[in-house]
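My plan is to look things up one at a time and write down what I find.

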Amino acid sequence: MITREEISTLLDHPVYDGDGNKVGDAKHVFLDDASGRPEWVTVKTGMFGSSESFIPIRDAALVKDHLEVPYRKDKIKGAPNVDIDAGGHLSVDEEHRLYDYYGIDWDSVLAEPGERDRSPGMGTAGTAGAAGAAGAAGRRGDASRTAPGTAGTAGTAGHRSEARTRGRGDDAMTRSEEHMRVGVERHETGRARLRKYVVTEEVQQTVPVRHEEVRVEREPITDANRGEAMSGPAFKEDEHEVTLYEERPVVETEAVPVERVRMTTEEKTADETVRGQVRKERIEAETEMDEESGRRGRDVPKRGRE
């Protein structure tokens, strides 16, 4: 069984389950109001330690630099989520839920060590009140509220939680707040591919072409050509033939490489605004005066950056 003196040793140290698997680190210890015995230890679990699970500490053992509890890791991570009031206490109903989940008899909780086999109604204690939280790493102060209990057979008062701290004493409390951590995940958004296919297009080009035409030229008889003109008979039938030529367009095609095409990827960076909700604790000082002083006030600190 863990004693009050061992609380400072186990805070922020590993907690292992019954199979030797690490569950997380011990963050808070909750004490029984009436006896002052450690009743619960909380362990940060989940991604980034986002969840805090309650584990009964009554059957735990402090081994060297870690705490061993007789429950499996999955059992601990599946423990009910409970609400803690502003004073850092567990309600009676929340405590009942946790004890039922871990299969612990509620009546045995009220018994002193060595007396847990005694039947209820022996007058050892009334109904347990709320449990108060012990702050992590020496910063959380004592919780002073008392949850009223109903009397047992002997009718003793209900339990009051006392928060234990580490290091700096019991006159300070820790103010905590949640910080939002934003990461990125890589998702496939689509695929791109290059595909080559053949199309036929109509093209047009103008080229010059030549052709021959017949032109008849007549020249008078002169002394220069008279000899040729008089060389034949005066009258006879004759003909002279000339071959005509023309150019026509001839179309040929050839495959010519014109460019190389490839695909690459390029990363672009854009800013996106992510919104979420985080919780923050606020600490206010309250002062209560007795009736003779005639004053009852509340000291509210100035609002601003802390």
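**Entry 1: a charge and a ring.** Over the ring of which residue does the charged end of Lys75 sit? I looked, and the ring belongs to Tyr101. The charged end of Lys75 is 4.1 Å from the centre of that ring. I note here that I am reading a predicted model.

**Entry 2: the aromatic cluster.** Tyr101 belongs to one aromatic cluster, together with Phe30, Trp40, Phe54, Tyr71, Tyr99 and Tyr102. I then looked up the pairs and found six aromatic pairs in the structure. I picked Trp40 and Tyr102, which form a tilted pair. Their ring centres are 6.5 Å apart, and 50 degrees lie between the planes. I see why it is called tilted: planes under 30 degrees apart would count as stacked and over 60 as edge-to-face, and this pair has 50 degrees. I checked both for burial, and both Trp40 and Tyr102 are buried.

**Entry 3: the overall layout.** I stepped back to the whole chain. I found five helices and nine strands. From the N terminus on, I read the order as α-β-β-β-β-β-β-α-α-α-β-α-β-β. The chain has 306 residues, and buried residues make up 25% of them.

Entry 4: I went back to strand β3, where Thr42 has its place. Is Thr42 buried or exposed? Thr42 counts as buried because its relative accessibility is 0%. Its side chain makes a polar contact with the side chain of Glu52, at 2.6 Å. Glu52 has another partner in my notes. Lys44 forms a salt bridge with Glu52, and the closest N and O atoms are 3.8 Å apart. Glu52 has 30% relative accessibility, so I put it down as partly exposed. Lys44 has a relative accessible area of 32%, so it is partly exposed too.

Entry 5: How many salt bridges does the structure hold? I found 14. I looked up Arg97 and Glu94, whose closest N and O atoms are 2.9 Å apart in their salt bridge. These two are separated by about one helical turn, because they are three residues apart in helix α3. Glu94 counts as buried, at 11% relative accessibility. Arg97 is partly exposed, with a relative accessible area of 38%.

Next I turned to Arg191 and Glu188. Their side chains meet in a salt bridge of 3.6 Å, N to O. Arg191 counts as exposed at 69% relative accessibility. Glu188 is exposed as well, with a relative accessible area of 63%. I also noted a network of salt bridges that links Asp19, Arg72 and Asp74.

**Entry 6: a nonpolar patch.** Which residues make the nonpolar surface patch of about 330 Å²? I listed Met180, Val182, Val274 and Val278. Val278 is found in the loop between α5 and β8 (285-287). At 38% relative accessibility, Val278 counts as partly exposed.

**Entry 7: apart in sequence.** I ended with two C-alpha distances. Thr174 is in the loop between β7 (132-134) and α5 (226-229). Thr174 counts as buried because its relative accessibility is 11%. Thr174 and Glu281 are 107 residues apart along the chain, and 9.0 Å separates their C-alpha atoms.

Then I looked up Ser8, which lies in helix α1 (residues 7-10). Ser8 is partly exposed, with a relative accessible area of 36%. From Ser8 to Val29 I count 21 residues in sequence. In space, the C-alpha atoms of Ser8 and Val29 are 9.6 Å apart.

Technical notes: Residues numbered from 1 in each chain as written. Predicted model: local features only at pLDDT ≥ 70, side-chain atom pairs only at ≥ 80, totals over all residues. Heavy atoms only, no water. Buried < 20%, exposed > 50% of the residue type's maximum accessible area, 1.4 Å probe, protein only. Lys NZ or Arg CZ within 6 Å of the ring centre and 35° of its normal. Helix = DSSP H or I, 4+ residues; strand = E, 2+ residues; numbered from the N terminus. Patch = residues over 30% accessible without salt bridge, like charges linked within 9 Å, V, L, I, M, F, W, Y side chains within 5 Å. Areas by Shrake-Rupley, 256 points an atom, 1.4 Å probe, with all protein chains shown as cover. Salt bridge = Lys/Arg side-chain N within 4 Å of Asp/Glu carboxyl O. Polar contact = N/O pair within 3.5 Å; in protein donor to acceptor, adjacent residues only side chain to side chain.
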